[in-house]
Amino acid sequence: MNIATDYLGQEIKVGDLVMYPRLGYRDFGKAYVMKITPCMVFLSSDNTGTDPGDWIKQTHNQVIKI
C-alpha cells in the first residue's frame with residue numbers, strides 16, 4: 001500500500017490528530033484518523049471512533065497533521 005500523506009506531505013497514520021476544513025470552508029475542525037484508503041481518510045472527533053456512521057470523510061490533501 002502507498003504511504004498516505006497530508007496537504008503538507010507529512011505521512012498520516014491511523015490514530016493521528018489532524019485538522020480539516022469543515023463544511024462551508026469557513027473554519028477548521030480537529031479529528032482523529034480512524035481509517036485510510038488509497039483515496040480517502042475517515043475521521044472521528046474522538047479517538048475511539050465507536051460509531052462509523054459519524055465518521056467524516058476527506059481526501060488526503062484535505063487534512064493537515066497536527
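1. The largest nonpolar core has 10 residues in all, namely Ala4, Ile12, Val18, Tyr20, Ala31, Val33, Ile36, Val41, Leu43 and Val63. A nonpolar core is here a set of buried Ala, Val, Leu, Ile, Met, Phe, Trp, Tyr and Cys residues joined through side-chain atoms within 4.5 Å, where buried means under 20% relative accessible area, exposed over 50% and partly exposed in between, with a 1.4 Å probe and protein chains only. At least two residues of this core come from each of β1 (17–21), β2 (28–36) and β3 (40–44), and β2 gives the most, with three residues. Strands are DSSP runs of E with at least two residues, numbered from the N terminus.

2. Please bear in mind that this is a predicted model, in which local features need pLDDT of at least 70 and side-chain atom pairs count only at pLDDT 80 or more, while totals for chains, interfaces and linings use all residues. Residues are numbered from 1 along each chain as its sequence is written, and side-chain values use heavy atoms, with hydrogens and water left out.

3. Aspartate 6, in the segment before β1, is buried yet has no salt bridge, and lysine 65, the nearest side chain of opposite charge, is 7.3 Å away. A salt bridge would require a side-chain nitrogen of Lys or Arg within 4 Å of a carboxyl oxygen of Asp or Glu; in counting charge, Lys and Arg are positive and Asp and Glu negative, with His and the chain ends not counted. The side chain of aspartate 6 does, however, reach the backbone nitrogen of lysine 65 at 2.8 Å, and a polar atom of that aspartate 6 side chain lies 3.0 Å from the backbone nitrogen of leucine 8.

4. One aromatic pair is found in a search of the whole structure. The ring centres of phenylalanine 42 and tryptophan 55 are 6.3 Å apart and the planes are at 50°, so the pair is tilted; rings of Phe, Tyr and Trp (its six-membered ring) pair if their centres lie within 6.5 Å, with planes under 30 degrees apart counted as stacked, over 60 as edge-to-face and the rest as tilted. The pair links distant parts of the chain, since phenylalanine 42 is in strand β3 and tryptophan 55 is in the loop between β3 and β4 (56–59), 13 residues apart. Tryptophan 55 is partly exposed, at a relative accessible area of 23%.

5. Methionine 34, in strand β2, is buried, with a relative accessible area of 15%.

How values were computed. Helix = DSSP H or I, 4+ residues; strand = E, 2+ residues; numbered from the N terminus. Polar contact = N/O pair within 3.5 Å; in protein donor to acceptor, adjacent residues only side chain to side chain.
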